[in-house]
Amino acid sequence: MTQATENKRFFENLTGAGKAIAVLTSGGDAQGMNAAVRAVVRMGIYVGAKVYFIHEGYQGMVDGGDNIKEATWESVSSMLQVGGTVIGSARCKDFRGREGRLKAAYNLVQHGITNLCVIGGDGSLTGANLFREEWSGLLAELVDQGLIDNEAVERYSALHIVGMVGSIDNDFCGTDMTIGTDSALHRIIEVVDAIMTTAQSHQRTFVLEVMGRHCGYLALVSALACGADWVLIPEMPPEDGWEEKMCEKLSANRAGMKRLNIIIVAEGAIDINNRPITANLVKDLVVRSLGFDTRVTILGHVQRGGTPSAFDRILASRMGVEAVMALLETTANTPAYVVSLCGNQSVRLPLMECVQMTQEVQKAMDEKRFEEAVKLRGRSFENNLKTYKLLAHRKPESELPVSNFNVAVLNVGAPAAGMNAAVRSAVRVGISEGHKMFAVNDGFEGFSKGQLREIKWADVGGWTGQGGSLLGTKRTLPAKHLDKIAEQISKNNINALLVIGGFEAYLGLMELLAARGKYDEFCVPMIMVPATVSNNVPGSEFSIGADTALNAITDTCDRIKQSASGTKRRVFIIETMGGYCGYLASVGGLAAGADAAYIYEEPFDIRDLQSNVEHLTDKMKTSIQRGLVLRNENSNDNYTTDFIYQLYSEEGRGVFDCRKNVLGHMQQGGAPSPFDRNFGTKIAAKAMQWITKKLGETYRQGRVFANTEDSVCLLGMRRRALVFQPVVQLKDETDFIHRIPKEQWWLKLRPLMKILAKYKTSFDVSDSGQLEHVLRKRPKDLDASTI
């Protein structure tokens with residue numbers, strides 16, 4: 001056994017034999033709850049536990065009877081893509097009283113349930129914790145009433161609680177994202193994108209009201225993602241006189257040839273005196289002050305509806321599995337947990353610490369301590385707010401710093417949705433920092449031909465929602481054009497480079513760095529922001545464009561599976577992009593509920609293919625009607641998509657038939673997802689701030705001269721933080737032949753996909769969520785901040 005294997009902790013050592021787990025959804029519904037329920041049921045059954053549905057939330061627990069039913073593997077089939085919650089949710093007055101909780105305790109004991117997984121908001125989770133604290137007293141009361149005996153008290157002496165936060169408002173402290181938030185943002189952005197086209201046609205102003213009675217996250221992030229002119233949220237009430245400032249901004253934008261205005265209002269928006277600001281109030285103000293043709297759109301429950309996004313399915317699946325593992329590891333002294341996401345890492349937090357922090361936010365807002373409320377929301381919310389302020393409100397020329405530096409922005413590699421949002425952010429932050437910004441067309445090739453021009457603030461208006469690359473992008477590397485690129489840098493006095501792109505951008509920066517010995521022109525700060533659907537850039541767990549591609553794959557797989565509904569048993573073989581990187585196939589497979597995903601990083605042979613066919617055949621003989629198999633385009637030279645299709649067709653003959661589909665370039669197209677718009681905006685803003693800092697450090701004797709390794713960096717997402725990494729240091733982490741990182745975090749999700757597809761597999765849980773405390777500040781890297 002290797003040292004690495006010794007250090008791993010496999011969940012085979014955790015057993016659920018003899019345990020009963022119940023799962024319920026409570027409070028408001030949220031897209032992704034079904035994915036969480038599915039993960040809890042299948043992981044629970046997988047480890048040998050009995051799993052029960054509690055229908056209609058706490059009301060079902062109080063009423064008992066048919067509301068508490070044992071779940072089977074098949075009972076959660078085909079629910080991954082369904083919005084809302086199929087087991088029902090209801091607000092329950094009875095459970096708030098002790099008599100109701102006594103009935104609930106009796107019903108749980110009747111089924112032997114002592115492990116509870118609650119999916120809901122802070123009210124639902126607080127109720128669960130109170131139930132847990134009262135458990136022993138409730139059992140004693142049931143004994144006194146003669147409803148249970150002492151043996152039952154001893155057997156069911158402790159109730160274990162693990163919570164998952166399902167709320168579209170993202171109003172729960174301790175987690176970066178709650179289940180349902182990303183899907184709600186998808187609904188909002190779909191509406192905003194549609195409204196923008198009609199608003200532009202008629203030169204209209206639209207005021208959109210979004211959900212968020214106590215939390216402005218949806219309003220803030222959607223404003224950031226669509227480039228709204230103004231946003232009103234409860235955590236940042238505008239100062240007195242905001243009406244005039246807003247009207248001046250709207251008027252200035254129209255004067256700058258912009259044909260529309262978008263104002264986003266959270267339903268709980270207030271002014272500095274705690275007076276509500278409604279969408280109709282804002283509309284009346286604009287009409288009265290400016291005479292603009294103005295319309296109000298209240299999105300309402302549209303935001304709760306629809307299918308969950310790929311992000312929410314993956315988040316809910318990860319959290320569901322994590323919740324079961326947490327329940328298996330609990331002891332009598334373990335506090336109630338909530339499983340959360342911090343950056344890209346699962347964490348377990350004491351439930352009541354999170355609830356207490358959430359209540360502190362509201363208290364701070366009630367007492368008009370708004371800056372403190374923003375900080376209590378967490379660094380993710382705080383960074384969103386800072387970035388919005390930086391991009392939305394242009395300072396007067398007289399207030400801008402004068403740097404006399406020229407910064408060039410270019411896209412390199414294949415186009416990726418979100419690139420334009422990153423360019424817009426970089427241009428506007430650069431101008432705010434006093435730089436003159438230059439846009440380079442067609443990557444390094446265009447650079448060598450002198451295809452660059454100054455780009456102004458207004459030039460990038462409306463770019464956030466557009467897919468592809470408006471600057472133009474090519475895969476050409478700079479090595480063949482070094483002389484001409486150096487000439488253009490000198491001619492245009494370019495003092496820094498921001499490169500937005502994929503693996504070609506990474507290789508291009510390395511070539512420019514290597515050429516510094518021959519060309520002084522390349523001795524300027526250079527930074528790369530990863531943008532590729534393949535998500536194969538070393539030094540970053542996420543790339544701009546990958547989330548949009550995942551959603552395209554997930555949506556297509558949903559439609560393909562639906563096409564077989566009501567027909568005979570059918571298996572679909574789907575080919576995805578990614579080069580040699582299996583991210584899209586693996587994570588897309590998890591989001592779409594695939595039975596298998598073939599990738600280069602996990603070698604497979606004919607025996608594996610045969611085993612997969614047999615596994616699917618066994619499933620098809622039960623009630624499962626459809627199978628889904630994904631294959632990364634370069635997973636194997638010989639086992640091609642056609643080969644796998646023919647093998648499955650032949651070996652499944654008489655049990656199921658096969659269809660194949662190559663998704664192709666549809667994965668690169670379309671409007672960017674809210675995640676990619678937001679990620680691109682924030683990472684590019686941070687990159688520009690790094691450039692400003694480096695320009696200040698390297699400006700000596702009238703010129704910029706940067707020749708150290710740390711002046712050529714890649715800015716990437718690592719676990720919880722955005723980190724600047726010299727590209728030289730990433731060489732050892734890179735497989736240059738196959739253009740992938742040597743270690744990839746998402747490979748740890750593959751056993752999860754297999755378990756949820758009913759395969760027996762080893763699952764390393766050494767990287768699973770560890771208990772942390774939300775009240776203490778987590779360590780901060782000077783050059784990193786969570787997004």
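**Notes on the predicted model**

1. A search of the whole structure finds 35 salt bridges, a salt bridge being a side-chain nitrogen of Lys or Arg within 4 Å of a carboxyl oxygen of Asp or Glu. The model is predicted: local features need pLDDT of at least 70, side-chain atom pairs count only at pLDDT 80 or more, and totals for chains, interfaces and linings use all residues. Residues are numbered from 1 along each chain as its sequence is written, and side-chain values use heavy atoms, with hydrogens and water left out.

2. Glu-445 and Lys-449 form one of these salt bridges, with the closest N and O atoms 3.2 Å apart. Glu-445 is buried at 18% relative accessible area, whereas Lys-449 is exposed at 54%. The terms are as follows: buried is under 20% relative accessible area, exposed over 50% and partly exposed in between (1.4 Å probe, protein chains only). In another salt bridge, Glu-382 meets Lys-375 at 3.9 Å, N to O; Glu-382 is buried at 17% and Lys-375 exposed at 52%.

3. Strand E18 (residues 570-576) is mostly covered, as seven of its seven residues are buried. Helices (H or I, at least four residues) and strands (E, at least two) are DSSP runs, numbered from the N terminus. Arg-570, Phe-572, Ile-574 and Thr-576 point one way from E18, and Val-571, Ile-573 and Glu-575 the other way. In a regular strand, side chains alternate between the two faces of the sheet.

4. E18 runs parallel to strand E20 (residues 626-632), joined by seven bridges, and Ile-574 stands opposite Leu-630 in E20. Pairing requires that DSSP finds at least two bridges between two strands. E18 also pairs in the parallel sense with strand E21 (residues 657-662), over six bridges.

5. Which residue of E21 is the bridge partner of Ile-573? The partner is Lys-660. Lys-660 also forms a salt bridge with Asp-642, the closest N and O atoms being 2.0 Å apart. This pair links distant parts of the chain, with Lys-660 in E21 and Asp-642 in helix H22 (residues 641-651), 18 residues apart. Lys-660 is partly exposed at 41%, as is Asp-642 at 37%.

6. Two residues other than glycine have positive phi: Lys-368, at about 65 degrees, and Lys-758, near 80 degrees. Most residues other than glycine have a negative phi. Lys-368 is found in the loop between helix H12 (351-366) and helix H13 (370-377), and Lys-758 in the loop between helix H24 (750-756) and strand E28 (770-771).
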